[in-house]
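Here is a short report on one structure. Look at the sequence and the model first, then read on.

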Amino acid sequence: MKISINKNRLQKKIDDLALITEAAPPVVTRVLFSESDLRGRAFVKNLCREAGLVLREDAVGNIFAHWEGTDKTLPAVATGSHIDAIPNAGKYDGVVGVLGAIEAIRALQAAGFQPKRSIELIIFTSEEPTRFGIGCLGSRLLGGVLSIERAAALRDHDGKDLEFWRAQGGCTGSLESVKLPKDCYAAFVELHIEQGPILEAENVDIGVVEKIAAPSTLRLQLTGVGGHAGATLMPGRRDAGLAAAEIALAVEKAATTTGSPDTVGTTGVFRIEPGAVNSVPCRAWLEIDLRDTLVKTRDVALVQIEAAVKEICTRRKIEFTMERLNVDPPAICDAKLVGTTEVVAKTLNFSVKRMISRAYHDSLFMAQVCPTTMIFIPCFKGYSHRPDEFSSPEQIEKGVRVLADSFAELAG
Ligand code: GLV
Ligand code: MN
Ligand code: MN
């Protein structure tokens, strides 16, 4: 079978999708169920139809594109990623795994391959946490990791809930119907850019993921007392912005003192209100991202941060709410599937490295459902979540080729 990846066609689709954005190109911003996210979803669904795939959408907007195999009694082989993008993002994160999968399927079709097992592409809802503060919303529900009650309680910064946003996305049906039965897929393999510098620095073509680091997120609302910046004297102030600043420094301290070089802590959302230069900040809204490859050290830092919040807010007479939006274990990938993917890449004469993913992915939760691994490709200087994120067409082509050959191996 002669498989040929059309890297130029794929690059054109990546470029076209990048133009569907809430911000001016080259910045890509596509927040869950925003107008640009909806246009992006329509763009991808159209490509799936052109490839002859049959579409279905679940109650939270996960999109399933199905290539029917000759034996419908066998569990399908699945792949997928996301097309939502955080504010000020680039055009490859998630997109390579979605558009690359469509290209892999088209290449197999052109080569005359007929799968025995069906092949299913999943475009996951809200891998990014921008809207609700919690990442991997769609795959958490698929994996049964997020309860319906907690999903219903999610709120965005404006107080709007998932029901509201689901309706914007045209999603109907009960969230209970989203959960997948265990082992409904024979395997799940996600293609993604590395989002780190290792593959490029070591000049390796392909990473095969063995483990995904353990993420967690805290959301805080602080309420102090506002007032006139000139007329309110310093003694007795209850400045929510200063409490927030101290908390952000406590996050840095906790993440740098666990003894693990893999603990990372980021206060990536930091909003103070009313946001006027001559007004003492009366409220602050913080979202804190804390991760590690090891749960033990991640949790030491998490408890330290929570204690620091209480101490800082008590001392500064600030009222606060603090919520653990998610505290997840790491995912261990399926050893057999890792081995198969590695052999596929080596058979293509690509250099391969087994890796830990420090970023999280929908694979973290698909691993609850079926054997899972990921294919990583290098990206420029490891840049990601920024507009100059870049992987070359040739690097992408190699990843797509490994994905296509993995489908042939697993579904053939
Ligand atoms: C995914 O976007 C992550 O933040 O790891
Ligand atoms: Mn991302
Ligand atoms: Mn991603």
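## Cavities, a pocket and a helix pair

Arg 9, Leu 10, Lys 13, Leu 47, Leu 99, Ile 102, Glu 103 and Arg 106 line the largest cavity. On a 1 Å grid over the protein atoms alone, a cavity is a set of points where a 1.4 Å probe fits but cannot get out, and lining residues have an atom within 4 Å of a point. Helix 1 (7-18) and helix 3 are the elements that give two or more residues to this lining. Helix 3 gives the largest share, four residues. Helices (H or I, at least four residues) and strands (E, at least two) are DSSP runs, numbered from the N terminus. By class, the lining has four nonpolar, no polar and four charged residues. Here Ala, Val, Leu, Ile, Met, Phe, Trp, Tyr, Cys and Pro count as nonpolar, Asp, Glu, Lys and Arg as charged, and the others, Gly among them, as polar.

The model is predicted: local features need pLDDT of at least 70, side-chain atom pairs count only at pLDDT 80 or more, and totals for chains, interfaces and linings use all residues. Residues are numbered from 1 along each chain as its sequence is written, chains are lettered from A and ligands numbered from 1 in the order in which they are written, and side-chain values use heavy atoms, with hydrogens and water left out.

A search of the whole structure finds two cavities of 30 Å³ or more. A pocket is an open set of grid points with protein on both sides within 12 Å along at least five of seven lines. A volume is the space filled by probe spheres set on the points, which are joined across faces, edges and corners.

| Space | Volume |
|---|---|
| Largest cavity | about 80 Å³ |
| Second largest cavity | about 30 Å³ |
| Largest pocket | about 1000 Å³ |

The second largest cavity is lined by Arg 30, Val 31, Leu 32, Asp 84, Ala 85, Ser 126, Glu 128, Thr 130 and Arg 131. That lining has three nonpolar, two polar and four charged residues.

The largest pocket has 40 lining residues. Ile 86, Pro 129, Asp 289, Arg 291 and His 385 lie nearest its centre. Strands 5 (85-89), 9 (214-223), 11 (264-273), 13 (283-292) and 16 (352-357) each give two or more residues to the pocket lining. Its residues divide into 15 nonpolar, twelve polar and 13 charged.

Now the helix pair. Helix 2 (residues 35-50) and helix 3 (residues 95-110) pack at about 15°, with axes 10 Å apart. That makes helix 2 roughly parallel to helix 3 (an angle under 35 degrees). Axes are lines fitted to C-alpha atoms, for helices over the stretch in contact, and angles run from 0 to 180 degrees between N-to-C directions. Val 44, Leu 47 and Cys 48 in helix 2 meet Val 98, Leu 99 and Ile 102 in helix 3, with contact meaning heavy atoms within 4.5 Å. These contact residues divide into six nonpolar, no polar and no charged.

Last, the backbone. Most residues other than glycine have a negative phi, and most peptide bonds are trans. Which bond from Pro 25 is cis? The one to Pro 26, with omega near 10°. Pro 26 is in the loop between helix 1 and strand 1 (28-30). Another cis bond joins Glu 273 and Pro 274, with omega about 10°. Pro 274 is in the loop between strand 11 and strand 12 (279-280). Asn 88, in strand 5, is not a glycine, yet has a positive phi of about 65°.

Terms used. Angles under 35 degrees count as roughly parallel, over 145 as roughly antiparallel, 65 to 115 as roughly perpendicular and the rest as oblique.
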